[in-house]
Amino acid sequence: MSALKSIFGKDVDTTSSTYLGKPTSRVDGPAKVTGGAKYAAEFNVPNLLYGYIVSSGAARGTIKSINTAEVEKVSGVVKVLTHENAPKTAYLDSSHRDQLASSGGAPFRPLYKAELEYSSQPVALVIADTFEAARYAASLVKVEYEVAPHETDLRANMGKAHPPTVTRTGYVSAPKKPRGNPEGAYDAAAHKVDVEYSQPIEFHMPMESYASTVAYGEDGKLTIYQKTQGVQNCQEYVCSVFGLSSSDVQVISPYMGGGFGSGLRPTYDIYLSVLAATALRRSVRVSMTRQQMFSFSHRPEAIQQFKLAANSDGMLDAVTHTAIEETSQNEEYLETVVNWSGLLYNCPNVMLSHQLVNLDLASPADMRAPGAVTGLYAYECAIDELAYEAKLDPLAFREKNYAEKDQNEGKLFSSKELREAYRQAAEKFGWSGRPLEPRSMKKGSDLIGWGMASGSWEASQGKAAAKLVLTPDGKLVVSSATSDIGTGTYTVMTMIAAEFSGVAIENVTFELGDSSMVYAPVEGGSWTVSSVGSAVKTVCQELRDRLFKLAGKVDGTPLGDTKIGDVTFANGAMHVTGNPVKNVTYAEALKAGKIDKLELDTTELPQLAKQATHALYSHSAVFAEVSVDEDLGTIHVTRVVSAIAGGRILNPKTARSQIMGAIVWGISMALEEEGMLDDKVGRFMNHNYAEYHIPVNADIHDIDVIFVPEHDEVVNPLGAKGLGEIGIVGVAAAVTNAIWHATGRRVRSLPVTLDKLL
Amino acid sequence: MINFSYTRAGSVAEAVGAKSKANGAGRFIAGGTNLVDLLKENVERPRQVIDITRLPLATIEEGPNGGLRLGALATNADTAYHPEVQRRYPALSRAILAGASAQLRNMATNGGNLLQRTRCYYFYDVAMACNKRRPGSGCPAISGQNRVCGVLGTSDQCIATHPSDMCIALAALEAVVRVSGPQGERTIPFAEFHTLPGDTPQIENTLAPDEIITAIDLPESPYAEHSVYTKVRDRASYAFALVSVAALLELDGDMVKSARIALGGVAHKPWRSPEVEALLTGKTATKENFLPVAAALFHDARGYEHNAFKIELGKRAVVRALQLATKGTASIRDVNGQTADA
Amino acid sequence: MNAFSESDTAGGSTMTALPGKSPVKLTINGESTTVEVAPWTTLLDLLREYLDLTGTKKGCDHGQCGSCTVLVDGKRVNSCLTLAIMKDGSEITTIEGLTGKDGALHPMQQAFVDCDAFQCGYCTPGQICSAVGMIKEGHAHSDDEIREGMSGNLCRCGAYPHILNAIKQAYAATEKRTAA
């Protein structure tokens, strides 16, 4: 237990649970380290055809002609699909909107029309009997364009910025009216900051490219092995777009090689593979190349302006935050960017605004902590500037302005242990020794800087279902149509099921990633444990109720007339608490009830009435150390300590990994990632892993993750807030603030590449 | 990726004959690390690929006049870790290890390293114009995303850089490239091997189409005690150089007897300026004396929208490299385990 | 002059008679096999599409991520940039070949599980093969050397510190075994 204590701090009671809270290795670990785990492009069904995507070389205009004469001569080529011959799909835009689409948009349809929407969009699909033949033939497709002017430059088009005109599930509009009098407060304040921050387009870049393997059944039914974060979202989309019955389409995704949001919405590979499979009545696989991974979604570029002010006591007195982001011409992509600035610190005078500019690019998409990571990167840097203006330590400034309630909504937090997160992380980091002035620390010839920031993310819960099957051999199988995108879903659901069913963990299997399973929402937004986990908990509690009733039918039951509250369920058996010798095994209970297979399912809904009275958020306190070679501008992040207040931590082992990975993402965002658009051609030019930089092993040094105890009975039945997003929020700000502390330079555009320090 | 025929050469003569016969549509393949990449990008569209990996050119052996001969087919990894290379040509070991990844270095050969194509974004993207790929089509890099492009010796036709690390050290060491062709063998001094873009950016070196590199000769070097390779890049490893410097010093006490400085990441070829290097001769090895040398090296540099910083960065990297070289060659383990820019 | 241009290489009919597949003898995970491959088929595609050895992953297909790392004659290489036809006579070890015939995990595989050195698992086979290759190369003496030596394997989930720990655990286990 000592290892647990160090992870949890002192106060969390893990002894009352059998599995939850205990570090548990991934149940899918052996499959992943042996190559046994199968990803979408690895289901090698018989007589498979391969589709290779041809991408557009122009951003705007029309396709004048597509010459496929040479293509069709290539041995093995079966078909070339273009907008000219592709079978028609659903006419209405609404039929193409998936669960995550914003209202009113016209989602991109591949091979639909001659008019181009963005550079690198698919314009043809070459289908052949081998991957290599399709790839070769695709290189012979000749496309001629009538090129039209395009706009891809956000800054040049800021005059066209407009407030969102549509809505989207999960998007919280900026408050319409200002709180207090931000302009007046700013003018009167003692300490002011008026700054602009910008960040470039970033790409999700999961290691596995999108792929779709459609197995075409003899009965015309489609089994689609798909890289996705939402098998049911994909299934609904395919049925809606292609006019298919839900009983004829099954989407399967047992493993996913990273998502980070890119697979929340159906990607164009599934459209193309189903298009080809249904047209040819054959099994087809379509995979994107790494280059094509830059052609369908991204984190939007953002330009953010702040006017912040504090009074002479260092109390935050005015916040004006305007964020301008790009979106596509065909959809308004919405993420919550500015609202965080109205709730992270106490402030009486606040004005927030979020605007969009439509550009000739693919629609942006949710990318790890969408909105929050953008808004809080810039806000937490600007706050650091204000703290320095007020001559206050940045941590002291934050503690001074600590928000005890969400002023945007006027609600108390269901729980908020951010103060404790500050304390523990600062202590671990050694923050108290930090000189206030920049350029105060050196190691050898390198400048050393320390910076910090806070993060926040919403703790949400959606409707979800879980199903279980208990068999007389004592094995329990629980399932739900969710995903494991590396987050540890398989493992944590197995733990929850074991915990609440009383079946030993080695006898529990959790299944996911199949659209025919009971309902689960898309795997994103840090809400899978909260949503699916709560359903698993409930269905397992129902199982205990059933088993307890069945136990009454066992001859001479040792439970007698004991009430269920006095019964312990453990190791696949029931006994009167305190008397484990006499028990009824689950197998005996089933037998007594003459049940071969006990099946239960349940749908769990968020307790909205309870939740609506509170603000539900996770929080983080991030501290970073950088070392800067001032002559050459090179920056190394040598240490990060992050303390997370994320409710109950169910599996500390995978939880730690998730936060650690998110910190790597934050370092990456701070120093490396940038989609380099050539606005003259409207195209991303560094569209590969060699030139779109993400960190390598040598970039990453010490990362410390702390989970502070946080008890929450409002957020959901498990008290867990979700960890997928919170780990990245604030990291880029902490790193950027540390760079300032090292060098005295405020670099206000990401990434902070070495040239910006020369 | 085009379909091509495949031949496995059994001898150098056979390889040269096959390349001759292919009439410009043949490509040698050894490590494949650059060619297969370019095949998949449709930048290279050969009709024939000639596998030269079975030729007996993988040895590293003593060369003439106290030098070392590196076989063209010795891998980058075997070369970098070869004890004689490490002992006598430490800057070369370090340059190789600063490049690519361990996997790629296990595959890539010395000959192939010399023939690497540029990493300019527009060269790699066949949807874009590029004078190097399609002469006369234009150079969008000049007014486009040119962070990775050059600042020295560029032309209005092309501003691409040579991406190799190894070649920067070879240029500083004044290696000699041994080649074999239908007319027999010849040698090419390293400085004459790669070319500047001028009006013919499609031409990158002085190797004839039917010639093959058989070896690289390293002359005896007095620089082993004071050799460094400083590479500045956008991440700590597995990234091409923004600027790199091979700096070799021959010192007498703190006085420079001779100096060699080669620059990477800044030009279409490894960049040297022997007349600038000569400025150091007879001077003490101090920062004050290094600064004007760095300035002179970049005197004629021209920056573009996204890479103008390379001029200042390059100067600073030169000074840093010379300072480190003065201190002495670092242990290989230090270099191997650390970011090379430190 | 060695002139590179598209015009001199891409011209002509695309229907030029090309050789079909040639037999290539490989020993894959200890088993000798002869496969018919086209000149342009990479070792990666051969493994994944023809031999159903899908444990080796395609991350970028251009030598920029390391997901496809396998051992060829004991050395770690990017199988995506390796033409299968060129490896006639070679011994190939993939992730499937590291696992014992009885299903027992290789110490490196076990260490990756123990240290939670992955999340999505897609780069993992390449990381493990690369780590096994690195230890054989004999240059992994310090944390910094391991980080540098593993920098040819990208992990977008950001598991790097745990990958380092796993390699150290496996390395220590191997050393211990050797010492004993």
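Predicted model: local features only at pLDDT ≥ 70, side-chain atom pairs only at ≥ 80, totals over all residues.
As for confidence, chain C has a mean pLDDT of 90, with 87% of its residues at 70 or more. The exception I want to point out is the stretch of residues 1–17 of chain C, where pLDDT stays under 50, although the model does place 46 contacts there with residues beyond four places in sequence.

Let me move to chain A, for which the assignment lists three entries: domain 1 (40–149 + 206–294), domain 2 (410–459 + 613–758) and domain 3 (462–605). Between domain 2 and domain 3 of chain A, the centres taken over C-alpha atoms are separated by 38 Å, and each of these two domains gives 15 residues to their contact.

Now to a pair of helices in chain A, namely H6, residues 231–242, and H7, residues 268–280, whose axes come within 11 Å and cross at roughly 50°. Because of that angle, H6(A) counts as oblique to H7(A), and the crossing in which H6(A) passes H7(A) is right-handed. On the H6(A) side the contact is made by A:Cys234, A:Tyr237, A:Val238, A:Val241 and A:Phe242, which meet A:Ile270, A:Tyr271, A:Val274, A:Leu275 and A:Thr278 of H7(A).

I will finish with two details of the backbone in chain A. Most residues other than glycine have a negative phi, and most peptide bonds are trans. Against that background, A:Met205, which is not a glycine, has a positive phi near 50°, and A:Met205 is found in the loop between strand E7 (191–199) and strand E8 (211–216) of chain A. The other detail is the peptide bond from A:Leu750 to A:Pro751, which is cis, with omega near -10°; A:Pro751 itself belongs to the segment after helix H16 (731–743) of chain A.

Conventions:
Residues numbered from 1 in each chain as written. Chains lettered and ligands numbered in written order. Heavy atoms only, no water. pLDDT = per-residue confidence, 0-100. Contact = heavy atoms within 4.5 Å. Axes fitted to C-alpha atoms, helices over the stretch in contact; angles between N-to-C directions. Helix = DSSP H or I, 4+ residues; strand = E, 2+ residues; numbered from the N terminus. Parallel < 35°, antiparallel > 145°, perpendicular 65-115°, else oblique. Left-handed = near helix turned anticlockwise from the far one by under 90°. Domains from an automatic or database assignment.
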